[in-house]
Amino acid sequence: MEIVSKKKFPKVIILAAGAGNRLRPYTNDQPKSMIKLGEQTLIGRQLHTLELSGLTDILIVTGYLKEKIEALGYPTIENPDWETTNMVMTLWCAFDELEEDIIISYADIIYQKNVLEALLGGNDDISIVVDRGFRKYWEFRFKNPLNDAESLLISSKGYLQSIGQKVASLDEIDAQYIGLMRFKGEGLNILKNYMTSISKTDRFAKMYMTDLLQDIINQGEHLKAITINHGWLEIDSVEDYEAAQKGFEDDSIKQFF
């Protein structure tokens with residue numbers, strides 16, 4: 001009798017500690033991942049997509065109004081210092097869970113199944129999802145798209161060269177980072193070793209994920225760009241949310257998602 005091995009899926013860690021101050025008053029009584037877009041919450045949409053792709057080993061790192069997310073019934077870990085720290089410290093709270101194969105996702109994004117499957121289909125030990133079709137979406141989201149755009153340059157071999165820096169022109173950007181990435185094997189060791197090495201420094205508590213990724217690039221490591229064209233949304237501000245909500249109501253959001 002032939003024994004068929006069961007496919008092992010990555011563990012997913014969702015970073016959901018922040019208060020979402022840029023989304024007030026919508027976040028006065030709920031984490032921003034619990035805001036509804038259409039008829040579903042942001043985190044509900046993300047969890048549905050993950051589970052459609054077979055990803056059921058999910059951990060959520062909480063902080064602000066943690067009980068709202070705990071009520072969803074998924075395993076959680078708290079960032080007790082969520083008021084004074086940023087994304088890297090939130091991930092640090094889940095350090096002991098960083099084993100074998102890990103997908104890390106921001107909680108304020110949603111994405112279609114094909115975006116997730118592009119990440120799952122990659123073979124590199126560090127993979128970062130980036131949107132080459134970002135410009136049209138940025139123009140939909142912002143009155144001045146350049147205000148919220150950051151650098152992201154991709155080499156001819158498909159690896160990130162720069163991420164998270166301010167730029168003077170959209171023409172200087174190859175794609176935009178969406179807040180979804182994967183670390184496995186040696187890539188996970190690189191992530192853990194680097195986080196450990198800077199964990200006692202003054203900059204660690206306030207560090208953004210793009211800062212960490214740029215530092216890893218600067219060490220000479222290879223971060224593969226998993227390129228997509230739309231298929232995701234980010235909700236980061238009142239302007240952002242109201243534009244997306246209107247887009248769901250009049251179907252204009254379908255051009256991106």
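**Chat about a predicted model**

Biologist: Start with D215. Is D215 buried or exposed?

Modeller: D215 is buried, at a relative accessible area of 15%. Keep in mind that this is a predicted model.

Biologist: Where is D215 found?

Modeller: D215 belongs to helix α7.

Biologist: What does D215 touch, leaving out residues up to four places away in sequence?

Modeller: Y194, R203 and M207. With Y194, the D215 side chain makes a polar contact, side chain to side chain, at 2.5 Å.

Biologist: And how far apart are the C-alpha atoms of D215 and S199?

Modeller: They are separated by 14 Å. Along the chain, D215 and S199 are 16 residues apart.

Biologist: Now the helices. At what angle do α6 and α7 pack?

Modeller: About 105°, with the axes 11 Å apart. Helix α6 covers residues 185–198 and helix α7 covers 209–218. An angle from 65 to 115 degrees counts as roughly perpendicular, so α6 is roughly perpendicular to α7.

Biologist: Which residues make the contact?

Modeller: From α6, I190, L191, Y194 and M195. From α7, L212, D215 and I216.

Biologist: How many of those are nonpolar, polar and charged?

Modeller: Six are nonpolar, none is polar and one is charged. Asp counts as charged, and D215 is among the α7 residues of the contact.

Biologist: Switching to salt bridges. How many does the count come to?

Modeller: The count comes to 17 salt bridges. In general, side chains of opposite charge can pair when their charged atoms come close.

Biologist: Let's take K11. What does K11 form a salt bridge with?

Modeller: With D57. The closest N and O atoms are 3.0 Å apart. K11 sits in strand β1 (residues 11–16), and D57 in the loop between α1 (42–52) and β4 (58–62), so the bridge ties together parts 46 residues apart in sequence.

Biologist: What about R182 and D101, how do their side chains meet?

Modeller: In a salt bridge, 2.7 Å from N to O. R182 is in strand β11 (residues 176–184) and D101 in strand β6 (residues 101–106), so the pair links distant parts of the chain, 81 residues apart. R182 counts as buried at 7% relative accessibility. D101 counts as buried too, at 16%.

Biologist: And E234 with R141, what distance from N to O?

Modeller: 3.0 Å, in a salt bridge between the two side chains. This pair also links distant parts of the chain: E234 lies in strand β13 (residues 232–234), R141 in helix α5 (residues 134–141), 93 residues apart. E234 counts as buried at 14% relative accessibility. R141 is buried, with a relative accessible area of 2%.

Biologist: Which residues are linked in a network of salt bridges?

Modeller: R22, K32, D108, D148 and D236.

Biologist: Next, S151. Where is S151 found?

Modeller: S151 is in the loop between α5 and β9 (152–154). Its relative accessible area is 7%. The cut-off for buried is under 20%, so S151 is buried.

Biologist: Which side chain joins S151 in a polar contact?

Modeller: The S162 side chain, at 2.9 Å. Leaving aside neighbours within four places in sequence, S151 is in contact with S162, I163, G164, Q165, V167 and I173.

Biologist: Last topic, the backbone. Which residues does a cis peptide bond join?

Modeller: R24 and P25, with omega about 15°. P25 is in the loop between β1 and β2 (36–37). As background, most peptide bonds are trans, and most residues other than glycine have a negative phi.

Biologist: What is phi of E100?

Modeller: Near 70°, a positive value in a residue other than glycine. E100 is in the loop between α3 (87–92) and β6. E100 counts as exposed, at 54% relative accessibility.

Biologist: And H230, what is its phi?

Modeller: Near 70°, again positive in a residue other than glycine. H230 is in the loop between β12 (224–228) and β13. H230 is buried, with a relative accessible area of 18%, whereas E100 counts as exposed.

Key
Residues numbered from 1 in each chain as written. Predicted model: local features only at pLDDT ≥ 70, side-chain atom pairs only at ≥ 80, totals over all residues. Heavy atoms only, no water. Salt bridge = Lys/Arg side-chain N within 4 Å of Asp/Glu carboxyl O. Helix = DSSP H or I, 4+ residues; strand = E, 2+ residues; numbered from the N terminus. Buried < 20%, exposed > 50% of the residue type's maximum accessible area, 1.4 Å probe, protein only. Polar contact = N/O pair within 3.5 Å; in protein donor to acceptor, adjacent residues only side chain to side chain. Contact = heavy atoms within 4.5 Å. Axes fitted to C-alpha atoms, helices over the stretch in contact; angles between N-to-C directions. Parallel < 35°, antiparallel > 145°, perpendicular 65-115°, else oblique.
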